[in-house]
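Colleague: I have just opened this one and could use a quick tour. Can we go through it together?

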There are 2 protein chains.
Amino acid sequence: MLIENFLPDIFSKEPLYVQIGQFIKQQIRSGQLPPGTKLPSLRRLAAVLQISRTTAETCYNQLMAEGFVESLPQKGYYAADILLSEKKPAAKPAGGKTSPDVQYDFANNYIDATTFPAALWRRHISRALRDRELLSGYGDPQGELALRQALAEYSHESRGVSCAPEQIIIGAGVQSLLEIISAVLLDSVFAESAPCVSLEEPGFPQAEEIFRRNHWNVSHFTIEAMQPELPRLLYVSPSNPYKGRSLTPEQRRNLLRWSREHQTYILEDDYNGEFRYFSTPVTSLQGMSDGDHILYLGSFSRLLLPSLRLSYAVLPPGLLPAYEKNRMLYNQTASTIEQLALAGFITEGSLRRHVKKLKHLYKEKNTLLRQCLQRYFEGQVHILSYESGLHMRIALRNPESSLILAGKALEKGVKVIPIKTEPPHPEFLLSFAGIRMQDIEPAVKLLKECW
Amino acid sequence: MLIENFLPDIFSKEPLYVQIGQFIKQQIRSGQLPPGTKLPSLRRLAAVLQISRTTAETCYNQLMAEGFVESLPQKGYYAADILLSEKKPAAKPAGGKTSPDVQYDFANNYIDATTFPAALWRRHISRALRDRELLSGYGDPQGELALRQALAEYSHESRGVSCAPEQIIIGAGVQSLLEIISAVLLDSVFAESAPCVSLEEPGFPQAEEIFRRNHWNVSHFTIEAMQPELPRLLYVSPSNPYKGRSLTPEQRRNLLRWSREHQTYILEDDYNGEFRYFSTPVTSLQGMSDGDHILYLGSFSRLLLPSLRLSYAVLPPGLLPAYEKNRMLYNQTASTIEQLALAGFITEGSLRRHVKKLKHLYKEKNTLLRQCLQRYFEGQVHILSYESGLHMRIALRNPESSLILAGKALEKGVKVIPIKTEPPHPEFLLSFAGIRMQDIEPAVKLLKECW
């Protein structure tokens, strides 16, 4: 070994023995010191590098502890066989951002964060950070009680959900909660039969992924054609034209009747349930029924910030024993600090005020977008749904497919979501939450130019 | 309906039509208005309650939208069949805190949070909250790039891990990451064979749960008796006597040799890898090998706060294509705000300083605990391992089983974790991280009194 080549870095904060160790490791890694090579004795190492014998010994001891060096009694130190080859640079992952420059994005999952009360949130975070005792443990796997209490009240007030804090489970996003729900149902409703779930068309890939990975049989259904052979778990998103669609009161009632008659459980993903602009929000299915067969999912991604991963599930009382069995097996995924901050935020009434402000803002954007579409497209566009959610669904009178039209729009810098592709009435979803108010008119103008 | 019984709450902020609607809903829910009951006409409602006809109409429209009321053309309004029965109070879940009062807890999962730099963390949170654009979207499902870059550097510096940011996946805890890892391995290593994993004794229930739910075959193994028929995925926790045990350099080398010879993947759960008190921490297996067959898991629960749910996985480059396939199917579980805060915290060197402080503190507690055990128990106690992790493993010279002895300790208010139960050398784990320095001696004194 060319230990003589070692040059100490006198500016480094690392002690000398660590620096020498790194040099030797590097030589072993690079193959310059193949396994079995004899290393300098302690005395020689100390002499060559003009270090103390203690430093030399500390260095070799550390290398032995790390497995880079072996010592043979009476013989000395040897480079160990550590199976190293120099690291290949990591493969650059495929995919990523390759789309042309998007100037106006009607296809994103963004919200309007300009209204987010960051200072207020910061205050609640600071308050939560003061609770050292609570923060030094792992917290309740079900979620902090303070937040579950606040949610029991808030979900009742805002969505008509009727439940006790014991029925609520907190999680970092709907997927984490679906893992737990899947386990609970496998231990109860599907304890003796193959687990099956059917999602309302067009389904929801990220939920289906969880079920499939847990070996559920996954299918789709439509409210219009409900067959008796449907599975005992139906997944619907009654207030959201994007992940499912907005169900009419009649359809809601039918669904609940079906659930009662067929002893079917309904997994109600109440995504965007708060956002109904031209009438008071419709009560959740959970609140319309006795809740015995409804598993309710609520999320704060659209109400606060998508970057805050906070969701909750409400289990029917009958499934709580099965949850108890699984309770300790699933660590809480949501940050305790953010849970406590949200609990304070809700209890002080800030969430209610914030949602009110958001609804007002989105209603304005919604109205402006409709006005612009009507002004520029006149009779060529048909607005199919706009009353709720953060997306508007439109149909165009156009002989081309929605895919081609979306491509043309993208070339102009406007991104839209094509859905029903067939002409003469190709359909699109336009997400209006994330786009700035002042961008709506120019974006629609551009769409008109290329459609 | 006794609509005459309605009394408006003049102090309520709810508009009148909402208050009336709530009253009617309550009557429907309670069964006082059975399905099909005819409701007062608009004119009558307005007259009885002395409200405008518009208010009455708004009220009924809302009740119809919510599905509580149906209107029949030319006939009027009727209570709908909404399948309601008044909510039963939720069953109080079984379990919960029933243990006697614990005065000194050697069995918890707590850390010492007195050193946590809360003010500094708050500053990083505030800084992150300023990035509105980033926070208004869902963020990178793989985790924020800034944090992955910081982690690539930090994990190299602190644990010898060698990887590019592209290989890192962030998640809210190890379970969330294991879900993704399971999916990746099913699409690559186990694409054509039944998925099997073996965990080093005594295993890790919360990891096993994830694998089992994903239909993996789960077994245990011991390093001493590695059989050629072991599965192609081994789960070890080389630096942690609690979840696995501290492996010697020789055992580490053997494990890596096995991995190379049998083309076996190693899932290295580097829990508490930083906490080695009486020598520099040993490099991770990932860092000792070329990393091609190591999946590395790191966590910040013990380094910062358990209540901060931030963990990361490092995939070998060869598994990145399989990850790309699954990338969009798993939403990020960790809060973007906390990810960005941690990135800043690491980049500024605060994490390194904090870990140094923690190590110093835990080393002191560790030393004090050993001194107290030796002083009070003299030759009766044998300290089996103490060099690393946050737990000390001890054996007692005692004719009773560790379960009985743990029970006796609990009666005195001291909680310990019994492991090997058989006398004459029952074994225990004592967690020393969460207990206060000044509590160590009194706790050991109490143990001596009852053992």
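Predicted model: local features only at pLDDT ≥ 70, side-chain atom pairs only at ≥ 80, totals over all residues.

Colleague: Fine. What rotation superposes chain A on chain B?

Modeller: A rotation of 180 degrees, with 0.0 Å of shift along its axis. The RMSD is 0.1 Å. That is the relation of a two-fold axis.

Colleague: Which C-alpha of chain A is nearest the axis?

Modeller: That of A:N214. It sits 2.4 Å from the axis.

Colleague: And what share of the contact residues of chain A recur in chain B?

Modeller: The figure is 98%. The same surface serves both copies.

Colleague: Now the sheet. What is the strand order in chain A?

Modeller: The order is β4-β10-β9-β8-β7-β5-β6. That makes an open sheet of seven strands, with mixed pairing.

Colleague: Which strands are at the edges?

Modeller: In chain A they are β4 (168-171) and β6 (217-221). Each pairs on one side only.

Colleague: By how much are neighbouring strands turned against each other?

Modeller: By 20 degrees on average, direction ignored.

Colleague: Pick one pair. In which sense do β7 and β8 of chain A pair, parallel or antiparallel?

Modeller: Parallel, over four bridges. Strand β7 covers residues 233-236 and β8 covers 265-269. As one example, A:L234 has A:I266 in β8(A) as its bridge partner.

Colleague: What does helix α6 of chain A touch?

Modeller: Helix α6 (residues 145-159) packs on the sheet and touches β4, β9 (294-299) and β10 (311-314) of chain A. Its direction makes about 105 degrees with that of β4(A).

Colleague: And where does α8 of chain A lie?

Modeller: Helix α8 (residues 205-213) lies across β5 (196-200), β6, β7 and β8 of chain A. It runs at about 145 degrees to β6(A).

Colleague: Over to chain B. Are the residues of β10 in chain B buried or exposed?

Modeller: Buried, on both faces of the strand. B:S311 and B:A313 are on one side, B:Y312 and B:V314 on the other. In a regular strand the side chains alternate between the two faces of the sheet.

Colleague: Which strands does β10(B) pair with?

Modeller: β4 (residues 168-171) of chain B runs antiparallel to β10(B), joined by four bridges. Strand β9 (residues 294-299) of chain B also pairs with β10(B) in the antiparallel sense, over four bridges. B:Y312 is the bridge partner of B:I170. B:Y312 is also the bridge partner of B:G298.

Colleague: New topic. Where is A:S301?

Modeller: In the loop between β9 and β10 of chain A. A:S301 counts as buried because its relative accessibility is 4%, and the cut-off is under 20%.

Colleague: What polar contacts does its side chain make?

Modeller: The side chain of A:S301 makes one with the side chain of A:S299, at 2.9 Å. Another is with the side chain of B:Y138, at 3.1 Å. Leaving aside neighbours within four places in sequence, A:S301 is in contact with A:I111, A:Y271, A:P306, A:R309 and B:Y138.

Colleague: Is B:C372 buried or exposed?

Modeller: Buried, at 0% relative accessibility. A:C196 is partly exposed, with a relative accessible area of 22%.

Technical notes: Residues numbered from 1 in each chain as written. Chains lettered and ligands numbered in written order. Heavy atoms only, no water. Least-squares fit on C-alpha atoms with pLDDT ≥ 70 in both. Contact = heavy atoms within 4.5 Å. Pairing = 2+ DSSP bridges. Helix = DSSP H or I, 4+ residues; strand = E, 2+ residues; numbered from the N terminus. Axes fitted to C-alpha atoms, helices over the stretch in contact; angles between N-to-C directions. Buried < 20%, exposed > 50% of the residue type's maximum accessible area, 1.4 Å probe, protein only. Polar contact = N/O pair within 3.5 Å; in protein donor to acceptor, adjacent residues only side chain to side chain.
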